[in-house]
Amino acid sequence: MRVLVVTAVPAERDAVTRAFGGEPEVHEVPGAELHRAGPYDVLAGGVGPAAAAAATACALARAPEPYALVVSAGIGGGFAPAAPVGSLVVATGIVAADLGAETPDGFVPVTGLGFGRDTFVPPAPLVRDVAEATGAVPGPVLTVSTVTGSAARTAALLAAHPGAVAEAMEGFGVAEAADRFGVPALELRAVSNAVGPRDREAWRIGDALAALTEAFGKTAPVVEGWTPHDRLGRHRD
């Protein structure tokens, strides 16, 4: 079973491949390098949902054999107290948190406008097993195009998405592309900072990258033993 892992930047890609040991095979793909380690193809697709979707779609379209799973992975911000700095999160829903319209009555998601979708639901048994293997906190992970930098925005996101555990910038783009190819998607993040007012001094990027490596070492046996009977959800719960 081949698995495509999509990160934003090379540092995240390398953190994932370190979990598998040895030197990965490097293959050129449009706009990026794909690092192959056993059954895992790991790609740094770029920052933001558009870049992530484009890179994922290119990799899926050019794959010599079909992928059974696509994983959006990397570091991200955690919502306190559910996901403190240094913890792991695994998405029960991959949510486009700022795709929609501002109105006099507040934010309306794209689905409320009558278009598309705003959430993809990863296979629940796989989410459960990854959470058990890694200690990751399960919950909705929000995809945003602008990283949250204020307490007011944090409160607004949690009001709109109760139970959200983290935010990042690529998950929904990865899941959108995977869905077009009929492939399930998963999102796994290591928390490097708290969502809220920006405090670069409090970020723990190195620790989060190390946690990501450890997480993939524990996730690999789960993924390799998983039979993809459940397909990616196509609606918002």
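Predicted model: local features only at pLDDT ≥ 70, side-chain atom pairs only at ≥ 80, totals over all residues.
Two residues are said to be in contact when heavy atoms of each lie within 4.5 Å. Arg13 belongs to helix α1 and, setting aside its neighbours within four places in sequence, is in contact with Thr7, Glu33, His35, Val42, Leu43 and Ala44. Its relative accessible area is 9%, below the 20% limit, and Arg13 is therefore buried.

Val71 illustrates the packing: leaving aside neighbours within four places in sequence, Val71 is in contact with Val3, Leu4, Val5, Val6, Leu186 and Phe216.

Attention now turns to empty space. Rolling a probe the size of a water molecule over the atoms shows where such space is left. The largest pocket has a volume of about 450 Å³. Its lining comprises 24 residues, with Ile75, Gly76, Val147, Ser192 and Asn193 nearest the centre. Two or more lining residues come from each of α1, β5, β11 (166–168), β12 and α6, and the largest share, 4 residues, from β12.

The charged side chains remain to be considered. Side chains of opposite charge can pair when their charged atoms come close. The model contains 9 salt bridges. One of them joins Asp41 to Arg36, with the closest N and O atoms 2.6 Å apart. Asp41 is buried, with a relative accessible area of 0%, whereas Arg36 is partly exposed at 22%. Both residues, together with Arg2, are linked in a network of salt bridges.

Another salt bridge pairs Arg180 with Glu176, the closest N and O atoms being 3.4 Å apart. Because these residues stand 4 residues apart in helix α5 (residues 171–180), about one helical turn separates them. Arg180 is exposed, with a relative accessible area of 65%, while Glu176 is buried at 19%. Asp129 and Arg128 also meet in a salt bridge, at 3.2 Å from N to O. Asp129 is partly exposed at 27% relative accessible area, and Arg128 is partly exposed at 46%.

Methods. Residues numbered from 1 in each chain as written. Heavy atoms only, no water. 1 Å grid on protein atoms, 1.4 Å probe; cavity = no way out; pocket = protein on both sides within 12 Å on 5 of 7 lines; lining within 4 Å. Points joined across faces, edges and corners; volume = space filled by probe spheres on them. Buried < 20%, exposed > 50% of the residue type's maximum accessible area, 1.4 Å probe, protein only. Salt bridge = Lys/Arg side-chain N within 4 Å of Asp/Glu carboxyl O.
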